[in-house]
Amino acid sequence: MEGLTSIERACVERAMDVDMLRQVEAWAAMNTGSRNLGGLNDMAGILADAFSILPCEMHLVEPAPVEAVDASGKPFAVAHGRNLHLTVRPGAPVQLLFTGHMDTVFPVDHPFQSMRWIEDGVLNGPGVADMKGGIAVMLAALAAVEASPEAKRVGYEVVINSDEEVGSLGSAALIATAAAGKRAALTYEPSAMPDGTLAGARPGSGNFSFTIHGRSAHAGRNPEDGRNAVVAAADLALRLQKGVGPRLSVNPAKIEGGSPNNVVPDLAVLRVNLRPATLEDQARAQSLIDSSVAMVAAEHDVEIHVHGLFARPPKPMTPPLESLFGVVKQAGADLGQSIGWQPTGGVCDGNNIAACGVPVIDTMGVRGGKIHSMEEYLIVDSLPERAALSALTILRLAGEGA
Ligand SMILES: [Zn+2]
């Protein structure tokens with residue numbers, strides 16, 4: 001820690017001193033699958049308690065209403081949990097955003113519910129890396145900064161949402177409001193690689209449901225009077241698939257609908273995921289959707305309703321983001337940590353924050369791996385390591401307000 005001032009050193013040591021493992025074990029023992037509203041509610045209360053050590057104004061914010069489309073093409077309301085939102089020193093010269101998610105991909109009836117030690121220092125458990133470990137790192141770093149004389153230079157908002165693993169549709173508006181005008185944002189997803197490599201550019205992602213209304217008819221007597229919704233859905237899937245290239249991936253994932261063999265089917269719902277590399281590719285994907293829908297509707301004489309959006313816009317590498325990576329890399333170097341970054345194919349709340357024009361590093365959480373699987377693991381030594389990295393990064397960003 002040669003390159004650190006005495007104030008920085010004291011702050012880093014405080015961050016590393018927190019018993020984060022105890023928090024991770026307590027939090028990972030609670031199921032917080034994105035659809036487990038009871039578990040999420042309990043977790044929100046526990047996190048509100050934990051974060052109340054910060055000098056903050058705190059709210060549990062109700063989710064925005066979200067609609068999805070069922071197999072019969074009908075919209076229905078999707079319930080989400082509440083989101084923890086806190087604000088600290090909104091008048092300070094440097095304003096930052098910190099985000100994390102309390103939900104996991106493991107539903108309450110999933111077999112993966114408990115922790116075990118894979119080996120010394122490697123903990124296997126649901127959400128230990130993604131991202132209950134990251135939340136512990138964030139809190140340790142913020143608490144350490146609060147005890148520093150530099151704290152007065154920096155203010156911030158924290159959002160811990162409850163629906164990140166299902167696309168953040170109930171919390172996207174809250175995140176966007178919190179991101180507005182911020183100097184930078186740090187999000188606590190686990191590192192992109194077990195060695196600590198951060199995620200750089202990310203593609204975007206959009207989920208779409210196309211409800212196709214045709215017309216039924218007898219398959220033998222008057223098929224010419226029918227308008228086959230399943231065939232139209234298949235045609236639409238093929239046309240969208242033609243847009244695939246190095247800068248756009250298209251995955252027609254499911255066709256629902258149909259009818260008995262002797263009836264021309266009048267209903268089908270096609271589900272498609274599209275991932276554009278950049279905002280220009282997203283615009284191209286949107287016009288591919290618009291033109292394909294128009295052509296299929298005309299050629300098959302069917303009606304098509306489009307539901308969905310690019311809820312995760314692409315996160316490109318930009319000069320302000322490069323410079324933020326520079327701050328983290330230098331902080332790492334001064335702590336004896338070598339920090340690199342690379343593009344990755346996944347999406348997260350960092351995409352939404354970047355879309356607000358705020359540079360964001362979204363993998364400030366723990367080192368670990370195999371996330372979204374029953375082999376998910378946390379490298380326990382990375383808890384103090386990453387808390388130190390965050391604390392020093394925050395202090396240095398705060399220093400810009402001097
Ligand atoms: Zn995550």
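In the predicted model, Ala185 lies opposite Val360 of strand 16. Strand 16 runs parallel to strand 9 (residues 184-187), and the two are joined by 2 bridges. Both belong to an open sheet of 6 strands with mixed pairing, arranged in the order 1-4-8-5-9-16. Strand 1 (57-61) and strand 16 (360-361) form the edges, each pairing on one side only. Helix 3 (residues 37-51) packs on this sheet through contacts with strand 1, strand 4 (83-88) and strand 8 (154-161), and its direction makes about 15 degrees with that of strand 4. Helix 4 (residues 128-146) also packs on the sheet, where it touches strand 4, strand 5 (94-101) and strand 8; the angle between its direction and that of strand 5 is about 155 degrees.

The largest pocket has a volume of about 1200 Å³. Because domain 1 (6-66 + 79-202 + 316-399) and domain 2 (205-312) both give residues to its lining, this pocket lies between them. The lining comprises 48 residues, of which Glu165, Val166, Gly167, Ser205 and Asn207 lie nearest the centre. At least two lining residues are supplied by each of strand 2 (66-69), strand 11 (205-213), strand 13 (267-276), strand 14 (303-312) and strand 17 (368-369). Classified by residue type, the lining of the largest pocket contains 21 nonpolar, 17 polar and 10 charged residues.

For the second largest pocket, the volume is about 180 Å³. Pro316, Thr318, Ala354, Gly357 and Val358 are the closest to its centre among the 13 residues that line it. The lining of the second largest pocket consists of 10 nonpolar, 2 polar and 1 charged residues.

Conventions: Residues numbered from 1 in each chain as written. Predicted model: local features only at pLDDT ≥ 70, side-chain atom pairs only at ≥ 80, totals over all residues. Heavy atoms only, no water. Pairing = 2+ DSSP bridges. Helix = DSSP H or I, 4+ residues; strand = E, 2+ residues; numbered from the N terminus. Contact = heavy atoms within 4.5 Å. Axes fitted to C-alpha atoms, helices over the stretch in contact; angles between N-to-C directions. 1 Å grid on protein atoms, 1.4 Å probe; cavity = no way out; pocket = protein on both sides within 12 Å on 5 of 7 lines; lining within 4 Å. Points joined across faces, edges and corners; volume = space filled by probe spheres on them. Nonpolar A, V, L, I, M, F, W, Y, C, P; charged D, E, K, R; others polar. Domains from an automatic or database assignment.
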